Amino acid sequence: MVDERLGHRDTSLVAGTFGAVVLGGGAARRMGGVDKPGVAVGGLPMRDRVLAAAAGASPLVLVGPPVDVPPGVLVTREDPPGGGPVAATAAGLAALGPPADAPEFVALLAADLPLLTAGAVRLLTDELVRTSADGVVYLDGAGRRQPLCGVWRTAALRSALDRLAQERGGDLTGAAMHTLLASLTVAELRWTRPGPPPWFDVDTGDDVRRAEEWTR
C-alpha cells in the first residue's frame with residue numbers, strides 16, 4: 001500500500017537544506033486536456049500525493065494553475081503559462097528565494113507521479129549527499145532517466161538555468177529538460193525495493209488504471 005506513507009513528514013534533514021519544486025502544468029493532450037495532476041488515484045489527486053511525498057521540504061513550491069493546496073505550500077506560475085517544464089523549473093527555483101537563502105538541495109518532481117513516497121524522495125537525497133554529482137534521478141524500468149523524479153544541488157541547477165537562458169536570449173519557452181540538464185553531472189538510481197516504482201508517471205487513462213491497481 002502506498003497510502004500508508006502519504007502523510008509522513010521526513011524531518012531528518014537539517015532544516016532549510018531541502019526544498020522541493022513540483023511541476024503541475026502541462027496540457028495533458030493524451031488525456032483529453034484534463035487537469036492531469038488533479039486526476040484522482042486511490043481517492044487522492046495525483047498532485048496531492050506528490051506534495052505529500054515532498055512534505056518535509058521547505059520551501060515546498062507548486063508550479064501551475066492556482067488550486068487549493070495544503071498549508072505552507074507556495075503556488076507560482078511559469079511565464080508564460082504553459083511555457084513548458086524548463087520555464088516552470090525556473091519559476092519554481094525563483095520561488096525558493098535568493099541564492100543566499102535557498103536550500104542546498106531541491107527535489108524536482110512532476111505532479112503526475114501517484115506512486116511517489118517520502119521514502120523514495122529520501123533515497124534520492126541520501127544518494128546525492130554521498131556523491132559529488134549535481135543531481136540524482138531515478139531510472140525507469142527501461143533504463144531511461146526520469147529528470148522530473150530527482151533531487152538536485154540547487155546552485156548547480158540554477159547555474160544551468162542561467163546558462164540556458166543566456167543561450168536562448170532569456171526565453172525558456174519550449175526548452176527541453178534534457179537541454180537544461182546536459183551540462184550537469186547526473187547520478188542514476190534504480191528502484192529495487194518492494195512496492196511500486198516511484199518514477200511511474202501517468203500519461204493515459206490506462207496509466208491511471210494501472211496506478212489504481214498498485215494502490216489497492
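Which residues of helix H1 are buried? In this predicted model, the buried residues of H1 are Met-46, Arg-47, Arg-49, Val-50, Leu-51, Ala-52 and Ala-53, where buried means under 20% relative accessible area, exposed means over 50%, and partly exposed lies in between (1.4 Å probe, protein chains only). Because seven of the eight residues of H1 (residues 46–53) are buried, this helix is largely enclosed by the rest of the structure.

Residues are numbered from 1 along each chain as its sequence is written. Since the model is predicted, local features need pLDDT of at least 70 and side-chain atom pairs count only at pLDDT 80 or more, while totals for chains, interfaces and linings use all residues; side-chain values use heavy atoms, with hydrogens and water left out.

**The chain as a whole**

The secondary structure of the protein chain comes to six helices and nine strands, which are DSSP runs numbered from the N terminus (helices: H or I, at least four residues; strands: E, at least two). Of the 216 residues of the chain, 49% count as buried. Contact means heavy atoms within 4.5 Å, and among contacts between residues at least 6 apart in sequence, 69% join residues at least 24 apart.

**Two prolines**

Pro-37 lies in the loop between strand S1 (18–23) and strand S2 (40–41), whereas Pro-147 lies in strand S8 (residues 145–153). The table sets out their accessibility and one C-alpha separation for each.

| Residue | Relative accessible area | C-alpha separation |
|---|---|---|
| Pro-37 | 3%, buried | 8.2 Å to Asp-48 |
| Pro-147 | 25%, partly exposed | 8.4 Å to Leu-181 |

Leaving aside residues up to four places away in sequence, Pro-37 touches Gly-24, Pro-45, Met-46, Arg-47 and Ala-111. With the same exclusion of residues up to four places away, Pro-147 touches Leu-108, Val-137, Trp-152, Met-177 and Leu-181.

**Helices H2 and H4**

The axes of helix H2 (residues 85–95) and helix H4 (residues 154–167) come within 11 Å and cross at roughly 130 degrees; axes are lines fitted to C-alpha atoms, for helices over the stretch in contact, and angles run from 0 to 180 degrees between N-to-C directions. H2 and H4 are therefore oblique to each other, given that angles under 35 degrees count as roughly parallel, over 145 as roughly antiparallel, 65 to 115 as roughly perpendicular and the rest as oblique. In their contact, Val-86, Thr-89, Ala-90, Leu-93 and Ala-94 in H2 meet Leu-157, Arg-158, Leu-161 and Leu-164 in H4.
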